[in-house]
Amino acid sequence: MTSKASILIVGATGAVGTQLTAYLAEKNVSFKALTREGAKQTSLIQYKGAEIVHGDLANMNSLKKALEGIKKVFLLTDSSEQAEFLQLNLVKAAKEEGVEHLVKLSQFAADPVSPVRFLRYHAVVEQKIAASGIPYTFLRPNLYMQGLLGFRKLISEQGLFFAPIGNARISLIDIRDIARVAGEVLTGKGHENRIYDLTGPEAITHEEIAACFSEELGRPIRFINVGPDEMYQELIRFGFPQWQAAGLIEDYAHYARGEAAGVSAAVKTITGRSPRNFRTFAQDYASFF
Ligand SMILES: NC(=O)c1ccc[n+]([C@@H]2O[C@H](COP(=O)([O-])OP(=O)(O)OC[C@H]3O[C@@H](n4cnc5c(N)ncnc54)[C@H](OP(=O)(O)O)[C@@H]3O)[C@@H](O)[C@H]2O)c1
């Protein structure tokens, strides 16, 4: 059977990917999802028009096979020590297979000379994509609101969350809005060779996040500002690999310096809808906390 899907989603089982595949399915857009054998695929199987192709970014042969007949690719991985290598494999395979549009999920303030390792690797991959000549769109979202789900247990049991961020403002974004932008970019026109900063509608402090949670959950939620060393130890205790934990500390230092407070109009411009504010996130996810 010949597939009519010409879009390949890499990272479909993750946080943003799950929202993106739901969005495409809702719009009746056929797509393929690259998943590793044994990965959690239940949410994908339920979608009409979704086709699972087994493959691994570490395996070039599997990538080339997955890219047969594909015109557009959405690329996302988690920020692991291998992320740059894995994403560059996809770029190489996409170039060889004649992909016509590569949409890469990057990060706000990606920069090859950033002190933040995640921002450096994203910038390196962006540069390689641009140099490959494949038409691209780079989506650079700010901190995910859904990242607070990592504090779900602490918030629900002890009414607190913490970070080494001080009073810095940050224009965090709901991943449902990132997915909507990605869906529009993959199915719309005129997004080639563009870079979009993706933020929420406002830059807020973690004290303001706590106040909003308190109001929406109907009980006091406290934000505790911690030092970077304490945060690092907590991340290690939680099971993060050292490379990633150190990267998150660099990320927080960048937020604390006020470098992620800019607000972009891109979500509204691309989707026609304003991005969700933190209150809407807190209301929609109240049952998780
Ligand atoms: N968290 C934030 O606040 C934030 C802010 C801005 C930007 N970002 C960026 O967002 C990205 C993470 O997004 P996310 O949270 O949606 O990711 P995620 O939930 O961690 O999901 C990662 C996805 O990558 C897939 N993957 C990993 N290695 C793979 C491989 N070798 N072959 C095929 N697939 C592979 C995973 O598949 P499996 O199911 O097989 O594991 C999974 O679907 C990172 O690049 C990060 O820098 C994050």
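A polar contact is taken here as a pair of N or O atoms within 3.5 Å; within protein, one must be able to donate a hydrogen and the other to accept it, and residues adjacent in sequence count only if both atoms are side-chain atoms. The structure is a predicted model, in which local features need pLDDT of at least 70 and side-chain atom pairs count only at pLDDT 80 or more, while totals for chains, interfaces and linings use all residues. Residues are numbered from 1 along each chain as its sequence is written, and side-chain values use heavy atoms, with hydrogens and water left out.

By the polar-contact criterion, a nitrogen atom of the ligand lies 3.0 Å from a polar backbone atom of L57. An oxygen atom of the ligand is found 2.9 Å from a polar side-chain atom of R36, and a backbone N or O atom of T77 is 3.0 Å from a ligand oxygen atom. Of the 940 Å² of accessible area that the ligand has on its own, the protein covers 82% (Shrake-Rupley method, 1.4 Å probe; for residues, only the protein chains shown count as cover).

The ligand is surrounded by 25 residues, the closest being T13, A15, S79, H122 and Y144; a residue is included if one of its heavy atoms lies within 4 Å of the ligand. This shell comprises 12 nonpolar, nine polar and four charged residues, where Ala, Val, Leu, Ile, Met, Phe, Trp, Tyr, Cys and Pro count as nonpolar, Asp, Glu, Lys and Arg as charged, and the others, Gly among them, as polar.

The axes of α4 (residues 83–96) and α5 come within 10 Å and cross at roughly 10 degrees; axes are lines fitted to C-alpha atoms over the stretch in contact, and angles run from 0 to 180 degrees between N-to-C directions. The two helices are therefore roughly parallel, a term for angles under 35 degrees. Residues of α4 that meet α5 include L88 and V91, and those of α5 include V124 and I129, contact meaning heavy atoms within 4.5 Å.

The axes of α5 and α10 (residues 242–256) come within 7 Å and cross at roughly 95 degrees. This makes α5 roughly perpendicular to α10, the range for which is 65 to 115 degrees.

Notes: Helices (H or I, at least four residues) and strands (E, at least two) are DSSP runs, numbered from the N terminus. Angles under 35 degrees count as roughly parallel, over 145 as roughly antiparallel, 65 to 115 as roughly perpendicular and the rest as oblique.
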